[in-house]
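Me: I would like to go through some labels attached to this model and see what each one rests on. Please set each value against its cut-off.

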Amino acid sequence: MIIQEKQALTYSIKSEIPASGRTHPDTENKFSTFFNGALDAIFLVKEGAFVDCNLKSEVLFGYSREELLGKHPYAFSPVLQPDGSCSKEKIQEYINKALRGIPQSFEYTYSRKNGTVLETEITLNRVTFEKDSLVQAIVRDITKRKEIEAELRYRVDFEKFIASISSRFINLPAERIDEGIDNTLEDVGVFTGVDRSFAFIYNNDTKEYSVASEWYNEGVASLINRKLTIPVESIPWWQDKLTKFEIIRIADVSMLPLEAHRERYFLASMGLRSVLCVPLRIEKSLIGFFGFGTVAEIKNWSFETAGVLRIVGETISHSLERKQRDNELQRLADQRKRLLEVSTSMLTTLQPDEVLKQTLRVLNEIIRFNECGIHILDRANDVLRPYIVVDADGKQIESEKEEIPFGEGIVSSVVQSGKAELVNNAQDDSRSYHHGRKRAKEEHIICVPMHTKNKILGTFSVVRRNNAPFSSGEFELVQLFVGYATIGMENAHLFQQIKTSEAKYRELFEDSRDGVFTSTYDGTIIDINSAGVQMLGYESKDELKKVNIGRDLYVHPGQRDEYRELLKKNGYVKDFEVLLRAKGGKTIACLITSNAYFDDITGQLYFRGFIRDISKEKTLEEHLQRTQKMESLGQLAGGIAHDFNNVLGIIQSGLSVLGSKIPDKDSSVLKYKEMCEHAVQRGADVARRLLTFSKSDEVHLTPVKIQDIVNDLTKVLHHTIEKNIIVKTTISPDISFILGDKGQLYQVLLNLCVNARDAINDSPNGTRTGEIRITVDKVDASSVPRSLIKKDHKKYTRIVVSDNGCGMPEQVVRKIFDPFYTTKLKGTGLGLSIVFGIMQAHQGMIDVVSESGKGTSFMLYLPGTEAEAVQSVEVKTEEIRNGNKETILIVEDEEILCTLLEEVLTSKGYTVLKANDGSEALTIYKERRADIDAVIMDMGLPKLSGQALFLHVKQLQPNEKIILASGYLEEELKNNLFELGAKAYLQKPYKPNEILQAVQKVLQ
């Protein structure tokens, strides 16, 4: 097993090491430390089996290394993946592609040893060791991310589901409401994952519930086919909750209380084990109940699910109410049609008062009367109140406002009996009631009760004085008119209620946070809500209706064609992503979910659905991808700079030693030595730029005045930039100090000004005239775009570098900070990447606004400070003295550099001990710690890292004098080591004098 592990480790390390470097076992050991310290699981696959894995693999999968090695990559996965594909075939297909040299990245589901699901993101790459081709697999745990995504999808689906159910009934004709309810039952059943959903309607005449609509899964019996009815007396417990309009949630039917034993029987007869239902009501009247349940399992109904059903139940109730009123309206309309020959004038309005006036007017044309009126029954006060009383000319009689006590007079008698009466010579009737009014000699009266269904509203009375008595034909005609007037008034009230009901649906339509629309197939908008109008930037709905969707709104017309074809083929689309053009040209990313339907009357195809603006989400996603890319490339750049600094250190030390051995200071030889040293410094500058890009360079932040940097830069630009380009600066007088590295900030502004110059030179029409403007002012945090802010600073110094050059299109702006991306014929593409890295090292932010042909503006935001500027003081180099045979332990994995260090130190009288890795150094230190006066250790050591070696030495000797050395050391780690007792730090590449000064200082 040890041999197998060693061979596997050799595969993983040597596949990543260039051929020229494979002779260094220390590099392999260093890479092994990285391999086992990785945050993701790493596997090596050869001939379809794992041959190596890191420590993270054991933690992630829960298996030991011995259990993992030798197994096939699909051995720890279910037979099928969530998308239905075969796990074995899927992973083998990706491995085969990777072996052909095609990098692969995909999602894959595994099972941990404890049986839990492990969702992963896998990256495959081919690596070659000698003649063997292996596949390197990096496995990242995305289980939590998938759970969050699933939760977000559920919430989005939840909102869309409720909105779709509500919108379904908005424009649905009354005759199709039953169809809409059937579809809703199916949608609810599928959405909640139940076996049966149903709607029962209450029949007041038979006092029982009967199933009106249902949906059920395969294998579940139909209730409608069984003609299931439920008498009210058989479900008293259930009925009590329904009449209180309570939601009924039953997780286990068998666990119902004793008083609900009848309900247990009827639910069992429906084959239900768990059930959830809500009452259906119109106004305050119970009309039935709506619910769903499971047959095969017990289900604990969540409050969220209950909330879904309550909203759906209210929607169905409103729809049934609208259907009932529509049917009632239709019935009343038929009656009006039958009475049209009598008087069509009563049918011209649906306003209650106008109906009443027309009724009295027409009646007076046919039957002459002296007085006509309506009395309304006030049951609370036991009186009949006059609603309207008019004379023969239709004028209202103001004096006739007395109330009639209930139980007195003919009118009261008609109310009590509910039957119409014709009373001629009413003054002789003992029931007559005049309340002090002078009796007429002759008085005839027809009184007809006004009622709807079983409810009496009041009476309609017609009175004649000093004329012929009323005939039976006139009596029938008055009854006909009263019935029609009552119908007209009820119809008017129903119409008002229907308008109110429609307003409720319209309110749902308008209050949606997403755009809700209806459009034709050819691209004409029929209707759209306020959210949609606002999203697309138009002033009004009417203005938006004038545009053509495909021509004016779609950025890519081909997406419109694809969208239409999908709707024609499937009848619906879900989360179809498109780019839409708002008014003014702004581009917004949207998701469209809609369905297609044919109008029964016109036969035309229409689209109806929702538009959701996801521009912010897309922007955040792009920003995250850019940040991840920059971090990955930064780590690569930092590693390259580290190794490069080691090489430069060897050259620098070698040159210094060589210089000390040149006889008589031969000037010709010294010249070449100095040329090489100059080249080393240039190389070190390149390394520092790489470290700046990777955010790993040591940034010396001191209080500086940005105006001094701008003024110095302006002087240089006036002498270097073409004379036809004007450089203007505007600096606010209240600019405070900022914490920064003066040299790096100078480089940032210089890079931006050079880019501005190139943009002006690249302007159209060959013109080279232009203007570069640098503006510096102080702003509050509220003036900084919220998407940029990462830390809470109250004040910022803003630097704006703008030009009137050629500008950039949006697709270029999105990539300008990417490493190696450039639009120039010459250049590395690192300029703006380095600017980005320097701003991050200063805890600053950068934003850019550009438009083709109109120039570009870069906005830099740097946190301010109240500290005073620190004047630089020239520090004299300390005289280097010879040592007194002090023993120095050098720990350096670069053997050549270690030898050169030894020679430098021994030449000055020091005794040197050497170690090429951390483990060897620790052994030497334990044996010779009494003799060792100081330790110089590199931080990037094989076998035992520099940080670990430092901690071991400090445990053995807390006061040991340790000098750290590195070309790549994170600032936070360096600070921590100094807090733990490090005495000095040498930045590679370093000169021999710097080493000697550091040793001399710590020994003192």
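**Salt bridges and the sheet**

Reply: Lys-241 has a relative accessible area of 23% and is partly exposed. Keep in mind that this is a predicted model.

Me: Why is Lys-241 called partly exposed?
Reply: Buried means under 20% and exposed means over 50%. The value for Lys-241 is 23%, so the residue is partly exposed.

Me: What makes the contact of Glu-246 and Lys-241 a salt bridge?
Reply: The cut-off is a side-chain nitrogen of Lys or Arg within 4 Å of a carboxyl oxygen of Asp or Glu. For Glu-246 and Lys-241 the N to O distance is 3.6 Å, so the pair qualifies. Glu-246 is itself partly exposed, at 30%.

Me: Which class does each partner fall into, buried or partly exposed, in the salt bridge of Arg-385 with Asp-378?
Reply: The closest N and O atoms of Arg-385 and Asp-378 are 2.8 Å apart. Asp-378 has a relative accessible area of 16%, which is under 20%, so Asp-378 is buried. Arg-385, at 32%, counts as partly exposed.

Me: What makes Glu-543 and Lys-583 a link between distant parts of the chain?
Reply: Their closest N and O atoms are 2.6 Å apart, and the pair forms a salt bridge. Glu-543 belongs to helix α15, whereas Lys-583 sits in the loop between β20 and β21, 40 residues apart. Glu-543 is partly exposed at 23%, and Lys-583 is partly exposed at 39%.

Me: Which residues do salt bridges with shared partners join into one network?
Reply: Glu-107, Glu-121, Arg-145, Lys-146 and Glu-149 are joined in this way. Over the whole structure, the search finds 33 salt bridges.

Me: What is the strand order in the open sheet of five strands?
Reply: The order is β2-β1-β5-β4-β3, with antiparallel pairing.

Me: Why do β2 and β3 stand at the edges?
Reply: Each of β2 (49-53) and β3 (104-111) has a single partner strand, so one side of each lacks a neighbour in the sheet. From one strand to the next, the twist averages 35 degrees.

Me: How do you know that β1 and β5 are paired?
Reply: Pairing needs at least two bridges. Five bridges join β1 to β5, so the two strands pair. Val-45 has Val-135 in β5 as its bridge partner.

Me: Which helices lie across strands of this sheet?
Reply: Helix α5 (residues 87-99) lies across β1, β3, β4 and β5, at about 150 degrees to β3. Helix α6 (residues 143-168) lies across β3, β4 and β5, at about 135 degrees to β4.

Terms used:
Residues numbered from 1 in each chain as written. Predicted model: local features only at pLDDT ≥ 70, side-chain atom pairs only at ≥ 80, totals over all residues. Heavy atoms only, no water. Helix = DSSP H or I, 4+ residues; strand = E, 2+ residues; numbered from the N terminus. Axes fitted to C-alpha atoms, helices over the stretch in contact; angles between N-to-C directions. Contact = heavy atoms within 4.5 Å. Buried < 20%, exposed > 50% of the residue type's maximum accessible area, 1.4 Å probe, protein only.
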